[in-house]
Amino acid sequence: MLQNRNHILIVLLTITALLWFFVDLSSGSVRIPLSDTFKALTGQDSAKTTWDYIILNYRLPKALTAVLAGIGLSVCGLLMQTLFRNPLAGPYVLGLSSGASLGVAIVVLGINILPISFASYLESDYIVVLASCIGSMIVLAAVLLVSQRLRDTMGILIVGLMFASFTSAVVSVFTYFSTAEQLQRFTFWSLGNLGSMTWESIIIMTSAVAIGLILCLFSIKPLNALLLGENYAQSLGINIRKTRILILLTTGILAGSITAFVGPIAFVGLAVPHIAKLVFSSSDHKILLIGTILCGANIMLVCDILSQVPGSDFTLPINAVTSLFGAPVVIWLLLRQTKMQR
């Protein structure tokens with residue numbers, strides 16, 4: 001009965017994700033009817049040629065980016081919460097977001113200390129993406145190196161938090177000596193942006209998310225075993241060290257690539273796994289992985305629609321919308337956890 005219920009939920013969430021996808025394409029400062037949106041996607045001529053251009057060159061890449069970001073960050077949150085057995089763990093708990101911020105800060109805020117001839121090359125958006133990716137990978141490499149020496153999983157969590165504090169301190173130093181224009185550019189990046197992706201960037205991001213999801217498939221059995229603790233997992237023949245490295249690497253690929261392209265997006269990775277667990281009423285990661293992917297895609301599309309403030313010309317930062325959604329969920333989790341401990 002429960003299995004049939006989960007199958008029905010998977011179908012319903014898939015259908016709703018497709019509906020939100022089309023609503024996202026038709027929403028914005030220029031409202032486009034759903035029928036014309038469908039025509040533009042299928043190669044037919046819509047009522048206005050400008051609508052075709054808006055959908056195919058701006059809204060379609062943005063909607064695909066929202067889906068990829070929602071899937072990747074949500075899966076990262078699921079992996080981290082299971083690995084650390086902490087309901088408040090998220091995709092950036094390892095300091096990957098802070099590493100990405102440090103890379104961007106060096107490029108955007110550190111131009112003053114570089115020669116003018118060299119600094120001109122750093123104004124490209126691709127350089128910012130590359131710097132963000134390098135920053136995330138450096139922090140990930142450091143965490144993986146430390147994880148080889150630490151047996152305690154919670155120790156890795158503490159190391160990740162320390163890396164985050166260190167990189168944040170360095171970013172603060174760069175911020176202090178930066179100009180208003182540089183601070184504005186860095187602030188815009190930190191607020192997140194789904195609408196600046198080119199098709200080449202989407203292909204790279206899709207490849208990174210696909211690799212991360214494939215690696216997740218090899219983690220399903222170890223993740224189920226880790227639910228009852230590392231000692232129980234070892235008794236089942238699970239290699240804890242290899243499993244830990246695989247999960248950390250998967251999280252690094254997913255969170256690092258997404259942050260590099262769209263900036264740090266808060267709360268999605270923290271809140272969505274809990275929503276998937278409530279919706280599917282299962283602890284089996286084979287079900288939870290699918291549920292988290294679908295819930296992440298749905299919620300990120302809804303957040304993207306809300307960020308466009310339907311009926312107006314304003315566009316809110318995606319980070320503001322996801323935080324407005326995620327903060328009440330986190331508060332609810334804390335209250336629920338306190339109630340269960342009584």
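Helices here are DSSP runs (H or I, at least four residues), numbered from the N terminus. The model is predicted: local features need pLDDT of at least 70, side-chain atom pairs count only at pLDDT 80 or more, and totals for chains, interfaces and linings use all residues. Residues are numbered from 1 along each chain as its sequence is written, and side-chain values use heavy atoms, with hydrogens and water left out.

**View 1. The cavity and its lining.** A cavity is a set of points on a 1 Å grid over the protein atoms alone, where a 1.4 Å probe fits but cannot get out. One cavity of 30 Å³ or more is counted. The largest cavity has a volume of about 40 Å³, taken as the space filled by probe spheres set on the points. Lining residues have an atom within 4 Å of a point. Here they are V75, L78, L79, C216, I220, L223, H285 and L289.

**View 2. Helices around the largest cavity.** α3 (49–84), α10 (220–226) and α14 (285–307) each give at least two lining residues. α3 supplies the largest share, three residues. By class, the lining has seven nonpolar residues, one polar and no charged. Nonpolar means Ala, Val, Leu, Ile, Met, Phe, Trp, Tyr, Cys and Pro; charged means Asp, Glu, Lys and Arg; the others, Gly among them, are polar.

**View 3. α3 against α12.** α3 packs with α12 (residues 240–262) at an angle of about 150 degrees, the axes 9 Å apart. Axes are lines fitted to C-alpha atoms over the stretch in contact, and angles run from 0 to 180 degrees between N-to-C directions. α3 is therefore roughly antiparallel to α12 (an angle over 145 degrees).

Definitions and conventions:
On a 1 Å grid over the protein atoms alone, a cavity is a set of points where a 1.4 Å probe fits but cannot get out, and a pocket is an open set with protein on both sides within 12 Å along at least five of seven lines; lining residues have an atom within 4 Å of a point. Angles under 35 degrees count as roughly parallel, over 145 as roughly antiparallel, 65 to 115 as roughly perpendicular and the rest as oblique.
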